[in-house]
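I set out to look up pockets, charge pairs, surface patches and backbone angles in one model. My entries follow the order in which I looked.

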Amino acid sequence: MSWSWIYPLLATVGLAVITVVSRSFFMIPERELPLPDWLKRGLKYAPLAALTAVIAPEILMAQGELIDTFMDARLPAVLFASVYYFWRRGILGTILVGMAVYLPLHIGWGW
């Protein structure tokens with residue numbers, strides 16, 4: 001009998017337990033945990049830092065390397081979407097403008 005299935009099962013169960021414990025850590029205590037002011041101020045920037053860490057490599061890198069040409073459809077799309085966002089402050093419009101610039105350049109011209 002092959003026991004090769006046991007390692008993936010243990011890994012999955014272990015990761016599930018770690019996830020549940022780490023996500024419920026702040027709900028376990030009966031009273032609110034005191035946080036230092038510097039940590040509260042720093043946590044305000046966590047979502048922006050996470051979003052930047054996800055989006056920046058997608059814009060500036062191709063196949064694990066920095067892009068080496070300006071003929072990449074992502075750059076004008078980001079530029080136009082950013083300008084629109086600072087002009088109108090609308091998320092849906094920002095996405096639409098970015099895609100309206102990206103798709104013709106990428107599909108139409110092959111950038």
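**Largest pocket**

I worked on a predicted model, with residues numbered from 1 along each chain as its sequence is written, local features needing pLDDT of at least 70, and side-chain atom pairs counting only at pLDDT 80 or more. Totals for chains, interfaces and linings use all residues, and side-chain values use heavy atoms, with hydrogens and water left out. Helices (H or I, at least four residues) and strands (E, at least two) are DSSP runs, numbered from the N terminus.

I noted about 670 Å³ of space in the largest pocket. I55, I59, V78, A81 and S82 are the closest to its centre, out of 19 lining residues. A pocket is an open set of points on a 1 Å grid over the protein atoms alone, where a 1.4 Å probe fits, with protein on both sides within 12 Å along at least five of seven lines; lining residues have an atom within 4 Å of a point. The volume is the space filled by probe spheres set on the points, which are joined across faces, edges and corners. By class, I recorded 13 nonpolar, four polar and two charged residues in the lining. Here Ala, Val, Leu, Ile, Met, Phe, Trp, Tyr, Cys and Pro count as nonpolar, Asp, Glu, Lys and Arg as charged, and the others, Gly among them, as polar.

**Salt bridge**

I searched the whole structure for salt bridges (a side-chain nitrogen of Lys or Arg within 4 Å of a carboxyl oxygen of Asp or Glu) and found one. D72 pairs with R74, the closest N and O atoms being 2.7 Å apart. Are D72 and R74 buried or exposed? Both D72 and R74 are buried. Buried means under 20% relative accessible area, exposed over 50%, and partly exposed in between (1.4 Å probe, protein chains only).

**Nonpolar patch**

I recorded a nonpolar surface patch of W3, W5, L9, V13, V17 and V21, with about 600 Å² of accessible area together. Patch members have over 30% relative accessible area and no salt bridge; nonpolar side chains (Val, Leu, Ile, Met, Phe, Trp, Tyr) are joined within 5 Å, like charges within 9 Å. The areas come from the Shrake-Rupley method with a 1.4 Å probe, and for residues only the protein chains shown count as cover. V13 belongs to helix 1 (residues 6-24) and counts as partly exposed because its relative accessibility is 47%.

**Loops and phi angles**

Most residues other than glycine have a negative phi. Q63, not a glycine, has a positive phi of about 55°. Q63 sits in the loop between strand 1 (61-62) and strand 2 and is exposed, because its relative accessible area is 85%. R89 also has a positive phi, near 60°. I placed R89 in the loop between helix 4 and helix 5.

I then checked D68, in the loop between strand 2 (65-66) and helix 4. D68 and W38 are 30 residues apart in sequence and 40 Å apart in space, C-alpha to C-alpha.
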